[in-house]
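Hi there,

Here is the structure I promised to pass on. My notes on it follow below.

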Amino acid sequence: MTAISNQLPETGFLRLWQIIGNKKTNTPPLIPISRTTFLNGVKSGKYPKHVKLGERTTAWRVEDIRDLIASLGDGA
């Protein structure tokens, strides 16, 4: 398991800015790609699907992002 995935909680949700980072708040990216690239990857099925938590709130399951980071680390 990578050091990044060790910092993630066991369960819960992550917002997009927590995954790809946010320069305004100095939040480092878990996956260093652009917003558009990530959302296109979600649309194509390369990255995990989001979960709607409310009318205007979208998030991703920590477990899914942890699995994604592990698969990217394996050279997938």
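To start with, what percentage of the 76 residues of the chain count as buried? The share is 29%, and please keep in mind that this is a predicted model. The accessible surface comes to about 5400 Å², with 52% of it belonging to carbon and sulfur atoms.

The chain has 4 helices and 3 strands, arranged along the sequence as α-β-α-α-β-β-α. Among contacts with a separation of 6 or more, 47% are between residues 24 or more positions apart.

Now the inside. The largest nonpolar core holds 15 residues, and those touching the most other members are Leu 14, Ile 19, Leu 30, Ile 31, Phe 38, Trp 60 and Ile 65. Helix 2 (16-20), helix 3 (35-44) and helix 4 (62-73) each give two or more residues to this core, and helix 4 has the largest share, with 4. Beyond its neighbours within four places in sequence, Leu 14 is in contact with residues including Leu 8, Ala 59 and Val 62.

Then the pockets. The largest has a volume of about 230 Å³, and its lining includes Arg 15, Trp 17, Arg 35, His 50 and Trp 60. Helix 3 gives the most to that lining, 4 residues, and by class the lining divides into 6 nonpolar, 3 polar and 3 charged.

The second largest pocket has a volume of about 160 Å³. Of its 10 lining residues, Gln 7, Leu 8, Gln 18, Pro 28 and Leu 30 are the closest to its centre. This lining has 7 nonpolar, 3 polar and no charged residues.

Technical notes: Residues are numbered from 1 along each chain as its sequence is written. This is a predicted model: local features need pLDDT of at least 70, side-chain atom pairs count only at pLDDT 80 or more; totals for chains, interfaces and linings use all residues. Side-chain values use heavy atoms; hydrogens and water are left out. A nonpolar core is a set of buried Ala, Val, Leu, Ile, Met, Phe, Trp, Tyr and Cys residues joined through side-chain atoms within 4.5 Å. Buried means under 20% relative accessible area, exposed over 50%, partly exposed in between (1.4 Å probe, protein chains only). Contact means heavy atoms within 4.5 Å. Accessible areas come from the Shrake-Rupley method with a 1.4 Å probe; for residues, only the protein chains shown count as cover. On a 1 Å grid over the protein atoms alone, a cavity is a set of points where a 1.4 Å probe fits but cannot get out, and a pocket is an open set with protein on both sides within 12 Å along at least five of seven lines; lining residues have an atom within 4 Å of a point. Grid points are joined across faces, edges and corners, and a volume is the space filled by probe spheres set on the points. Ala, Val, Leu, Ile, Met, Phe, Trp, Tyr, Cys and Pro count as nonpolar, Asp, Glu, Lys and Arg as charged, and the others, Gly among them, as polar.
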